[in-house]
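Please keep the model in view while reading.

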Amino acid sequence: MGRKFFVGGNWKCNGTVDDVKKIVATLNAGDIPSTDVVEVVVSPPFVFLTTVKSELRSEIQVAAQNCWVKKGGAFTGEVSAEMLANLGVPWVILGHSERRALLGETNEFVGEKVAYALSQGLKVIACVGETLEQREAGTTMEVVAAQTQAIADKISSWDNVVLAYEPVWAIGTGKVASPAQAQEVHAGLRKWFAEKVSADVSASTRIIYGGSVSGSNCKELAGQTDVDGFLVGGASLKPEFIDIIKAAE
Ligand code: PEP
């Protein structure tokens, strides 16, 4: 089964109203490949989601950067999956390493979030990745397999999930994984899917790479057999995001 190239832009907690207007104008004017070739999803902070969704060209979709783990209610400061679905926001990023590290989101909690978001009709970009200490200890595959297993334990279909492999040591550091390092983990995850879930899920689930992806390193990474796209942080706020989208060609 063909896996369409996927490029996500995670704007994180950045931007003013003016910045957002400029980014949207750049994306709307950019010469990007057709939706037959690449699926592009940008993820502004919650407060800008509806504006970006309404002003952005129709080929580019939007994602929230998080949502609550279950049905909304008395959870001050949270945004529920059903609110996102109600607004017509199709995607949500869950399990980003910044939330795991800074807000204590555990593997199990992320698994529950993914399951609830899917149950509300959202599509999920689910993030996994090892720290530098874990890589140096030789436990990378063990760590990403445990994070993925915690999601698999809670969901019955991977159809609406894109798995983002984001080594923590590469996020926002300028230290991108080498194409060989990325390919090794992506291939390991695909093997894990084949052994633990199914051959179909292994063949069809998109595994994208995130961590200091830029206009200059994206082509070589995109050339790896099991790299099906990118989740881009810092560079998604800049015009070079267009070049990264073009790596799909
Ligand atoms: C991210 O935050 O998901 C990310 C990959 O960030 P950056 O591209 O800035 O490393």
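The largest pocket has a volume of about 300 Å³. On a 1 Å grid over the protein atoms alone, a pocket is an open set of points where a 1.4 Å probe fits, with protein on both sides within 12 Å along at least five of seven lines; the volume is the space filled by probe spheres set on the points, which are joined across faces, edges and corners. The lining comprises 13 residues, of which Lys12, Cys13, Gln65, Glu98 and Arg99 are the closest to the centre of the pocket; a lining residue has an atom within 4 Å of a point. Helix α4 (residues 97–103) supplies the largest share of this lining, four residues. Helices are DSSP runs (H or I, at least four residues), numbered from the N terminus. By class, six lining residues are nonpolar, four polar and three charged. Here Ala, Val, Leu, Ile, Met, Phe, Trp, Tyr, Cys and Pro count as nonpolar, Asp, Glu, Lys and Arg as charged, and the others, Gly among them, as polar.

This is a predicted model, in which local features need pLDDT of at least 70 and side-chain atom pairs count only at pLDDT 80 or more, whereas totals for chains, interfaces and linings use all residues. Residues are numbered from 1 along each chain as its sequence is written, and side-chain values use heavy atoms, with hydrogens and water left out.

Two packed helices are described by the angle between their axes and the distance between the axes. Helix α5 (residues 107–119) packs against helix α7 (residues 140–152) at an angle of about 40°, and their axes lie 7 Å apart. Axes are lines fitted to C-alpha atoms, for helices over the stretch in contact, and angles run from 0 to 180 degrees between N-to-C directions. In α5, Asn107, Glu108, Gly111 and Val114 meet Ala146, Gln147, Ala150 and Ile151 of α7, where contact means heavy atoms within 4.5 Å.

Helix α7 also packs with helix α8 (residues 179–196), at an angle of about 45° and with axes 10 Å apart. Hence α7 is oblique to α8.

Notes
Helix = DSSP H or I, 4+ residues; strand = E, 2+ residues; numbered from the N terminus. Parallel < 35°, antiparallel > 145°, perpendicular 65-115°, else oblique.
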